[in-house]
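Hello,

Please find the structure below, for your files. My notes on it come after.

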Amino acid sequence: MKKDILFVMNKLSCGGAEKSLVSLLHLIDYSKYNVDLYLFKHEGFLMKQLPKEVNLLPQPKEFQYFDMPFKQMALECLSSFNFKILWARFRMSLMLKSEKIPAVKEQKAWEFIGPCLKKVTKKYDATIGYLEKIPNYFCVDHVNADIKIGFVNNDYKLLMLDEAIDIPYFEKLDYIVTVSEACEDILVDCFPQFKHKIRMMYNILTEKTINGLAEESISDFDESNINLVSLGRLNYQKAFDGAIEACAILVKRNPKIKWYVLGDGEDRQKLEKLIAQHHLQNNFILLGIKENPYPYIKKATLYVQPSRFEGKSLAIDEAKIICKPILVTNFPSAKDQITDGVNGRIVGMEPIDIANGIEALVNDSKMMNLFVENLQKEETGTESEMSKLYDLIESK
């Protein structure tokens with residue numbers, strides 16, 4: 001008899017966790033599992049990549065009131081006499097003004113959002129929150145399941161989350177899964193009382209799919225330039241402000257530098273202003289979200305990840321599958337994916353370190369070729385990680 005599984009996620013935008021989830025949903029054994037997917041918002045370019053076997057549950061109508069302009073929300077709630085949501089949103093707005101840390105804002109928002117959402121009526125064999133904070137909280141509070149699994153897809157300490165908020169939820173989860181050895185060590189350090197339920201499972205990637213998509217033609221690049229490519233949300237974590245400073249240094253040395261960033265986010269205007277300040281409009285290009293980023297990686301001279309911190313970067317793993325030379329900053333989990341001088345280069349986080357590292361690498365064709373040769377020998381796909389998930393689901 002098939003088991004019933006529920007995955008919970010915010011939406012299916014361009015993030016690494018979202019791409020990993022969609023890859024997982026393509027690999028899961030549907031002869032053994034019925035899979036439902038609960039999204040708070042039915043949006044994101046990955047929506048159309050969901051496999052047909054997945055049953056997408058209706059979008060929760062109540063959630064929209066916490067994600068729309070306050071005035072619009074107030075008018076709609078008043079017209080429908082929905083005073084419970086109006087009062088909850090008002091109180092949440094006060095909290096958002098007083099709390100300074102973005103990640104904690106999201107944690108605390110659940111206090112107001114959660115009571116307004118309906119519980120899932122179906123009973124499941126397992127439910128899986130595939131991202132830290134609200135997806136995990138929803139699984140604990142709103143889903144009846146024999147096994148409850150919550151994912152933490154990043155460096156818990158550098159996310160600056162409030163441990164006191166997570167503790168009661170971690171107590172009720174059967175397993176807490178994270179995506180790299182470094183992230184696992186950090187979780188155990190933060191929550192030694194939950195060491196027995198912390199597990200590590202790499203993000204799911206499929207080599208065949210990525211390499212096939214990488215063959216798509218693009219017209220953005222002039223291959224006579226030195227084309228650098230980075231993927232990621234435009235936010236503090238990804239450190240594109242430092243990348244812009246590094247680009248300014250590089251362009252003074254070689255005007256043929258072109259640095260392309262694929263992604264979008266809350267820091268776009270700030271980054272555009274910084275680009276203009278350095279007169280880099282023709283050198284540091286924010287391409288926005290691309291449904292298929294892989295041809296850009298394939299055509300690049302070098303893939304660069306300038307992050308301040310990562311869990312296990314899906315973009316780095318994607319670049320490894322495409323066998324592209326890689327340069328990353330020395331964030332805490334960098335060595336989980338890159339061995340310096342073997343399959344990539346690890347440099348300091350200061351702009352001058354990034355610039356010097358890029359310049360040295362692109363001028364060293366022997367080293368670049370060595371990275372490619374070593375990447376071609378690596379087992380980079382993570383389809384085998386599915387067995388870890390099956391073990392958790394089947395543990396009771």
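This is a predicted model: local features need pLDDT of at least 70, side-chain atom pairs count only at pLDDT 80 or more; totals for chains, interfaces and linings use all residues.

Residues are numbered from 1 along each chain as its sequence is written, and side-chain values use heavy atoms, with hydrogens and water left out.

Salt bridges

Searching the whole structure gives 27 salt bridges (a side-chain nitrogen of Lys or Arg within 4 Å of a carboxyl oxygen of Asp or Glu). One of them joins K123 to D146, with an N to O distance of 3.0 Å. K123 belongs to strand β4 (residues 123–129) and D146 to strand β5 (residues 144–152), so this pair ties together parts 23 residues apart in sequence. Helices (H or I, at least four residues) and strands (E, at least two) are DSSP runs, numbered from the N terminus. K123 is partly exposed at 40% relative accessibility, and D146 is partly exposed at 37%. The classes are buried under 20% relative accessible area, exposed over 50% and partly exposed in between, with a 1.4 Å probe and protein chains only.

A salt bridge also forms between R253 and E359, at 2.8 Å from N to O. This pair links distant parts of the chain, 106 residues apart: R253 is in helix α10 (residues 240–253) and E359 in helix α14 (residues 351–362). R253 has a relative accessible area of 38% and is partly exposed; E359, at 29%, is partly exposed.

R345 pairs with D340, their closest N and O atoms lying 3.0 Å apart. R345 is partly exposed at 23%, and D340 is partly exposed at 41%. Elsewhere, a network of salt bridges links K11, K41, E43 and D67.

Second largest pocket

The volume here is about 330 Å³ (the space filled by probe spheres set on the grid points, which are joined across faces, edges and corners). A pocket is an open set of points on a 1 Å grid over the protein atoms alone, where a 1.4 Å probe fits, with protein on both sides within 12 Å along at least five of seven lines; lining residues have an atom within 4 Å of a point. Its lining has 18 residues, and S23, Q49, T209, L213 and Y294 lie nearest the centre. Helices α1 (16–27) and α9 (207–213) are the elements that give two or more residues to this lining, and α1 supplies the largest share, four residues. By class, the lining has eight nonpolar, six polar and four charged residues (nonpolar: Ala, Val, Leu, Ile, Met, Phe, Trp, Tyr, Cys and Pro; charged: Asp, Glu, Lys and Arg; polar: the others, Gly among them).

Regards
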